[in-house]
Amino acid sequence: MKILVPVKRVVDANVKVRVKPDGTGIDLANVKMAVNPFCEIAIEEAVRLKEAGAAEEVVAVAVGAQNCQEQLRTCLALGADRAVLIQTDEAVQPLEVAKALQALQGRENADIVLFGKQSIDGDNSQTGPMFAALTGMAQATFASEVQVEDGKLRVTREVDGGLQTVSVTLPAVITTDLRLNEPRYASLPNIMKAKRKPMDVLTPEELGVDVSPRLEILSVEPPEERQAGIKVENVEELVDKLRNEAKVIS
């Protein structure tokens, strides 16, 4: 069984992002970049399935500029067997990424495609479901547990009302939730080995896909700064401020 894991290059989760002065986007100059945390969870789950004997190969794939190779090498150090970069300088959006991955799936024929449920930059949660719709594959989103049983996947999903367990037939698309696992750290020997693992570079044109953006970002604005809080001496003072200053109670 082959597992395909799409990953995204994002600003490191520990970095405070800054909006460009002209409001056209996020300032990425000299900013540390990393594998999207939810994609790290997807890589970890794929590697665990391989270690358990449920899969033979884990393939990491990214759609983006040449510098995405850095994050793909990280995935190789975490246990992926090989990587594929669909290289483009376009600012790719979820639908275009899904179409590029659909074309790659036509070549790879992966049994499981493991997505992170969302990226921490766009927070769209769109690419996995779009890919499933385009390919016609079964899907189970927001997975907090994945088990392989008799050629099917038993997936526990996190939903608003609690947990939902579903069974999906292969091939299938899974999107990972935060509680699915705790990603491992890449050891130095594995980082060195990752440099020798194969990485293929393709272009959207080779896959017959148009990745031109269909949405235009008009402006980006930082959130309003939160005002400092105050301490009150007693409940009566709190109620007075809520009633007369904040005017949230009557």
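Modeller: Let's begin with one definition: a residue is buried under 20% relative accessible area, exposed over 50%, and partly exposed in between. Keep in mind that this is a predicted model.

Biologist: Thanks! Why is Arg-18 called partly exposed?

Modeller: Its relative accessible area is 44%. That value falls between 20% and 50%, so Arg-18 counts as partly exposed.

Biologist: What makes Arg-18 and Asp-27 a salt bridge?

Modeller: Their side chains meet at 3.6 Å, N to O. The cut-off is 4 Å between a side-chain nitrogen of Lys or Arg and a carboxyl oxygen of Asp or Glu, so this pair qualifies. Asp-27 is partly exposed too, with 24% relative accessibility.

Biologist: Why would such side chains pair at all?

Modeller: Side chains of opposite charge can pair when their charged atoms come close.

Biologist: How many salt bridges does that rule give here?

Modeller: The count comes to 16. One of them joins Asp-121 and Lys-8, whose closest N and O atoms are 3.1 Å apart.

Biologist: What makes the pair of Asp-121 and Lys-8 a tie between parts apart in sequence?

Modeller: Asp-121 sits in the loop between β6 and α4, while Lys-8 sits in the loop between β1 and β2, so the pair links parts 113 residues apart in sequence. Asp-121 is partly exposed at 44% relative accessibility, and Lys-8 is partly exposed at 35%.

Biologist: Now take the salt bridge between Lys-117 and Asp-177. How do you know whether these two are buried or exposed?

Modeller: Compare each value with the 20% limit. Lys-117 has a relative accessible area of 18%, so Lys-117 is buried. Asp-177 has 3%, so Asp-177 is buried as well. Their closest N and O atoms are 3.2 Å apart. This pair ties together parts that are 60 residues apart in sequence, because Lys-117 is in the loop between β6 and α4 and Asp-177 is in the loop between β10 and α5.

Biologist: What joins Lys-2, Glu-57, Arg-82 and Glu-108 into one network?

Modeller: Salt bridges that share partners do that.

Biologist: And which residues have the most contacts inside the largest nonpolar core?

Modeller: Val-5, Val-7 and Ile-174 do, in a core of 38 residues. Helix α1, residues 37–51, gives the most to this core, with eight residues. Leaving aside neighbours within four places in sequence, Ile-174 is in contact with residues including Ile-112, Phe-115, Ala-140 and Val-155.

Biologist: Which residues lie in the other core?

Modeller: That core has 22 residues, among them Val-61, Val-97, Met-137 and Leu-207, and it lies apart from the largest one.

How values were computed:
Residues numbered from 1 in each chain as written. Predicted model: local features only at pLDDT ≥ 70, side-chain atom pairs only at ≥ 80, totals over all residues. Heavy atoms only, no water. Helix = DSSP H or I, 4+ residues; strand = E, 2+ residues; numbered from the N terminus. Buried < 20%, exposed > 50% of the residue type's maximum accessible area, 1.4 Å probe, protein only. Core = buried A, V, L, I, M, F, W, Y, C linked by side-chain atoms within 4.5 Å. Contact = heavy atoms within 4.5 Å.
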